Amino acid sequence: MDAAGNDLDIPNDIQSFLLSSKMSCVRWVPNQTEDEHFFVTGSWGDKVNAVNLWNLVHDELADADSTVPLVPKSTAKFCVTGDVVGFGFIDDKHLVSVTSEGTLSVLDLNRESALSYDFTHKFNMHDLHTFDGRQSVCSAMSVSAFDQYIVTGGEDGNLNIISGNAGKVISTIQHPDNSSIRCVSFIYPSVVVAGRHCGLLNCYDTRESGNKPAFSLETCHEEDHEMTVPMCINYLPKHKSLILVGLENGSIINWDIRKPYDASYEFGGHSDPVTDIQFAKEQDIMFSADAGGLVTEWTLSNLSSFVDYSIERRQPRMKDFKPINSIDVNVRQMICCGDAEMLFILDLW
């Protein structure tokens, strides 16, 4: 298997659309019908950034035989100060976003018609992360949601567990050396996994009091024992105990949290930091993106064994000249965005 970036045969049948900002996040609105194409983006790098709600609609100016029948149309915008650094859906009607200034916002998605949504601002929470409890605000780095509960990870090394309904912090988990959190994921209602800049993966049981993780794993490579920063976390939709973690060195490790002290480097298809990992709907296929602009498709096999699985096939899907920061997949399409101020849409099947 050739290293990523060396004479890769990358398909060029990709729809691309020019945007006005660099994008940090993109997600399809969940539980849509096959005829709906709503998605959300978050921007970064401007004085005022925004969470935008989009719809893919037919281009009224295109020819009847146009090969690009759908174009993105912005239907709603929520402006923020600071960069949008992460967001996720609490459910199919509520979106949570966090910014580099430590502000969390919850937005309601209101369906105005069969072809339109709008945002209603539900609440903000400011200064979620501070250094040493002082008024020196630091960045939120990541956010994840599960069944009306939200977790944020910050530059201060803390995790905040938040009620999405009440809009208040239920508990705060601190780290003894304040190692900042790069990525976080709610796996189950009571299980949170956090990736830290010091090269640790911490798994917490939110039902337990105190700051001690249930168990931890170092992200050092077995050959050189060098620690590397976890950049993104996701889990197999069929088996949530199987975690996939993208690392700064371009590797992707899999981790069965039922075997907390054992992980393996199954994937090595990237030479740049892995920025996002997503899974195809109803398919044993994984997609990953990196800071070098590469998006890769992985075909997984032996998932029926629940624990043991392997890579059956790997192929590049696209390569941009700037970082791809975020990807998402619905039943038929993958959507990608990053620093090139472009939106890319790929038909999967």
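## Salt bridges at the surface and below it

With a relative accessible area of 44%, Arg 258 counts as partly exposed in this structure, which is a predicted model. The side chain of Arg 258 meets that of Asp 256 in a salt bridge, with an N to O distance of 2.7 Å. Side chains of opposite charge can pair when their charged atoms come close.

The count of salt bridges in the model comes to five, and the pair of Asp 256 and Arg 258 is one of them.

Asp 284 belongs to the loop between strand 22 (274–279) and strand 23 (285–290), and Lys 238 to the loop between strand 18 (230–235) and strand 19 (242–247), so that the pair ties together parts lying 46 residues apart in sequence. In terms of accessibility, Asp 284 is partly exposed, at 27%, and Lys 238 is exposed, at 55%.

## Aromatic pairs

Over the whole structure, a search finds five aromatic pairs. One of these consists of Phe 146 and Phe 186, whose ring centres are 6.4 Å apart and whose planes make an angle of 55°, which places the pair in the tilted class. Since Phe 146 lies in strand 10 (residues 140–146) and Phe 186 in strand 14 (residues 181–188), the contact ties together parts that are 40 residues apart in sequence. Phe 146 counts as buried at 17% relative accessibility, and Phe 186 likewise counts as buried, at 2%.

The rings of Phe 215 and Trp 255 have their centres 5.9 Å apart and their planes at 85°, and this pair is therefore edge-to-face. It links distant parts of the chain, with Phe 215 in strand 17 (residues 215–218) and Trp 255 in strand 20 (residues 252–256), 40 residues apart. Phe 215 is buried with a relative accessible area of 14%, and Trp 255 is buried at 0%.

Ring pairs also join Trp 28, Phe 39 and Trp 54 into a cluster. In a separate kind of contact, which involves a charge and a ring, Lys 22 lies over the face of Trp 44, at 4.1 Å from the ring centre.

Four strands form an open sheet in the order 2-3-4-5, with antiparallel pairing. Its edges are strand 2 (22–28) and strand 5 (70–81), each of which pairs on one side only. On average, neighbouring strands of the sheet are turned by 25° against each other, with direction ignored.

Strand 4, which covers residues 48–58, runs antiparallel to strand 5 and is joined to it by eleven bridges. Within this pairing, Ala 50 has Cys 79 of strand 5 as its bridge partner.

## Two buried polar residues in loops

His 129 is placed in the loop between strand 9 (116–125) and strand 10, and at 0% relative accessibility it counts as buried. Two polar contacts of its side chain can be named: that of His 129 with the side chain of Thr 152, at 3.0 Å, and that of His 129 with the side chain of Asp 156, at 2.9 Å.

Thr 219 lies in the loop between strand 17 and strand 18 and is buried, with a relative accessible area of 1%. Its side chain reaches the backbone oxygen of Thr 228 at 2.4 Å. Thr 219 and Gly 199, which are 20 residues apart in sequence, are 5.4 Å apart in space from C-alpha to C-alpha.

Terms used: Residues are numbered from 1 along each chain as its sequence is written. This is a predicted model: local features need pLDDT of at least 70, side-chain atom pairs count only at pLDDT 80 or more; totals for chains, interfaces and linings use all residues. Side-chain values use heavy atoms; hydrogens and water are left out. Two strands pair if DSSP finds at least two bridges between them. Axes are lines fitted to C-alpha atoms, for helices over the stretch in contact, and angles run from 0 to 180 degrees between N-to-C directions. A salt bridge is a side-chain nitrogen of Lys or Arg within 4 Å of a carboxyl oxygen of Asp or Glu. Buried means under 20% relative accessible area, exposed over 50%, partly exposed in between (1.4 Å probe, protein chains only). Rings of Phe, Tyr and Trp (its six-membered ring) pair if their centres lie within 6.5 Å; planes under 30 degrees apart count as stacked, over 60 as edge-to-face and the rest as tilted. A charge sits over a ring if NZ of Lys or CZ of Arg is within 6 Å of the ring centre and within 35 degrees of the ring normal. A polar contact is a pair of N or O atoms within 3.5 Å; within protein, one must be able to donate a hydrogen and the other to accept it, and residues adjacent in sequence count only if both atoms are side-chain atoms.
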